[in-house]
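Here is my note on the model you sent. Please read it with the structure open beside you.

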Amino acid sequence: MVANRRSSIDIVADILRLGESNKTRVMYQVNMSHAQLESYLIFLIDRNLIEQKTDPVGKSVYSPTEQGQVLLQHIERVQLMMGSDS
C-alpha cells in the first residue's frame with residue numbers, strides 16, 4: 001500500500017524521534033506549518049507525551065516524556081510489522 005500523506009501517528013512519531021528540540025527545529029524537521037505545530041504540541045503536552053522545558057537562554061524546548069518514548073517504541077513496532085517506510 002502506498003500513501004501520499006502522512007498520518008497523524010506518523011507525525012507524532014516524527015516529533016517524538018527528534019528528542020529535545022525547539023519549535024523551529026520541530027517545524028522544519030517534521031515539515032509542518034506553525035499552526036499545525038501548535039496543534040500537535042498542545043495535543044502531545046495534554047497527553048503527557050512531551051514536556052515543555054526552558055533552556056538556559058530562556059527559550060522553550062520540547063522533549064519526549066517516558067510515556068512518549070514508550071508510545072514511540074509501540075508505533076515503530078507496528079510500522080515495522082506493517083512494512084512501513086516511516
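1. Start with a term. Buried means under 20% relative accessible area, exposed means over 50%, and partly exposed lies in between (1.4 Å probe, protein chains only). Helices (H or I, at least four residues) and strands (E, at least two) are DSSP runs, numbered from the N terminus. This is a predicted model: local features need pLDDT of at least 70, side-chain atom pairs count only at pLDDT 80 or more, and totals for chains, interfaces and linings use all residues. Residues are numbered from 1 along each chain as its sequence is written, and side-chain values use heavy atoms, with hydrogens and water left out.

2. Which of its residues are buried? They are Leu-37, Tyr-40, Leu-41 and Leu-44. These residues sit on the same side of helix 3, because they cover an arc of only 105 degrees around the axis (the arc of the directions from the helix axis to the C-beta atoms). An α-helix has 3.6 residues a turn, so residues three or four places apart point the same way. The face turned away from the buried side carries the exposed residues Ala-35 and Asp-46.

3. Check the length of helix 3. The expected span is 1.5 Å times one less than the number of residues. For the 13 residues of helix 3 that gives 18 Å, and the end C-alpha atoms are 18 Å apart, which agrees.

4. Now the partners. Contact means heavy atoms within 4.5 Å. The buried residues of helix 3 pack against helix 1, helix 2, strand 1 (50–54) and strand 2 (60–64). Those of helix 1 pack against helix 2, helix 3, strand 1, strand 2 and helix 4.

5. Not counting residues up to four places away in sequence, Val-30 touches Arg-6, Ile-11, Asp-14, Ile-15, Leu-18 and Arg-25.

6. Finish with Thr-65, in the loop between strand 2 and helix 4. Is Thr-65 buried or exposed? Thr-65 counts as buried, because its relative accessibility is 9%. The side chain of Thr-65 reaches the backbone oxygen of Asn-48 at 2.6 Å.

Methods:
Polar contact = N/O pair within 3.5 Å; in protein donor to acceptor, adjacent residues only side chain to side chain.
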